[in-house]
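Visitor: Hi, could you walk me through this one? I'd like to start with a side chain and its contacts.

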Amino acid sequence: MQFDILTLFPNVFEQYFNTSILKRAQKKKLIKIIIHNLRNFASDKHRTVDDKPYGGGPGMILKVEPIYKAISSILKRPKLQSTNYKIILLTPQGKQFNQKIAQRYSKLKRLILICGHYEGVDARVEKLVDEKISVGPYILTGGELPAMVIVDAVTRLIPGVIKAESLVEETDLKIKNLKLKILREYPQYTRPAILTIKDKFGRIKVLKVPKVLLSGNHQKIKEWREKLK
């Protein structure tokens, strides 16, 4: 199985992925982990991957273009002939990761993980992925730790990685009475206002920023955002 991780901080994975079970799994060629630096897919000489959100607001958000280019680059590679893969956006607004999801992912040939950062990602990134996943009812500064969690949890379920008897008595643990409401933010967008892409089936799609955010009418923008919270 191959894991492709899209991140702004490729160096943070090195030590963890080269330790213990994950190191042995790679040495035995049961898994392959490739880290992709999103800055390598930026369209300008400054390798810009973030921008201010349309309509105003705090912080910076990740641009959709570098993420789309990175995914397209991965999917064009000759070795990816199978459709048995998933593209995952790691976000607090995603479905909570659990053992059942880990088991489902372990049946794939490839898992592409997108690590969010800053104030979030351009909402159009959601159009590029198969699923949105969170690793728990809390907010992290980025998707790098969740990516490590998912790679670890999935890898140990791949035949040959650990002894089969070690998995026999394992169950899907359910943690009760742990509730933390994560405030759902409104979708955010940044340049470009219009992006034309091809999906995994080769179909052309045009992804646009909502017109209200380009209007300059701050009252209408505020009302639009309130409706989506």
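Visitor: So which backbone oxygen lies 2.6 Å from a polar atom of the Arg124 side chain?
Guide: The one of Pro192. In this predicted model, local features need pLDDT of at least 70, side-chain atom pairs count only at pLDDT 80 or more, and totals for chains, interfaces and linings use all residues. Residues are numbered from 1 along each chain as its sequence is written, and side-chain values use heavy atoms, with hydrogens and water left out.

Visitor: And which backbone oxygen does that side chain reach at 2.9 Å?
Guide: The Arg124 side chain reaches the backbone oxygen of Thr190 at that distance.

Visitor: Is Arg124 buried or exposed?
Guide: Arg124 is buried, with a relative accessible area of 3%. Buried means under 20% relative accessible area (1.4 Å probe, protein chains only).

Visitor: Where does Arg124 sit in the chain?
Guide: Arg124 is in the loop between S6 and strand S7 (131-134). Strands here are DSSP runs of E, at least two residues, and helices are runs of H or I, at least four, numbered from the N terminus.

Visitor: Switching to S6: how many of its residues are buried?
Guide: Six of the six, residues 110-115, so strand S6 is largely enclosed by the rest of the structure. Arg110, Ile112 and Ile114 point one way, and Leu111, Leu113 and Cys115 the other.

Visitor: What does S6 pair with, say on the S1 side?
Guide: Strand S1 (residues 2-7) pairs with S6 in the parallel sense over five bridges; pairing takes at least two DSSP bridges between two strands. Gln2 has Arg110 as its bridge partner in S6.

Visitor: How many bridges join S5 to S6?
Guide: Six, and strand S5 (residues 85-96) runs parallel to S6. Leu89 stands opposite Ile114 there.

Technical notes: Buried < 20%, exposed > 50% of the residue type's maximum accessible area, 1.4 Å probe, protein only. Polar contact = N/O pair within 3.5 Å; in protein donor to acceptor, adjacent residues only side chain to side chain.
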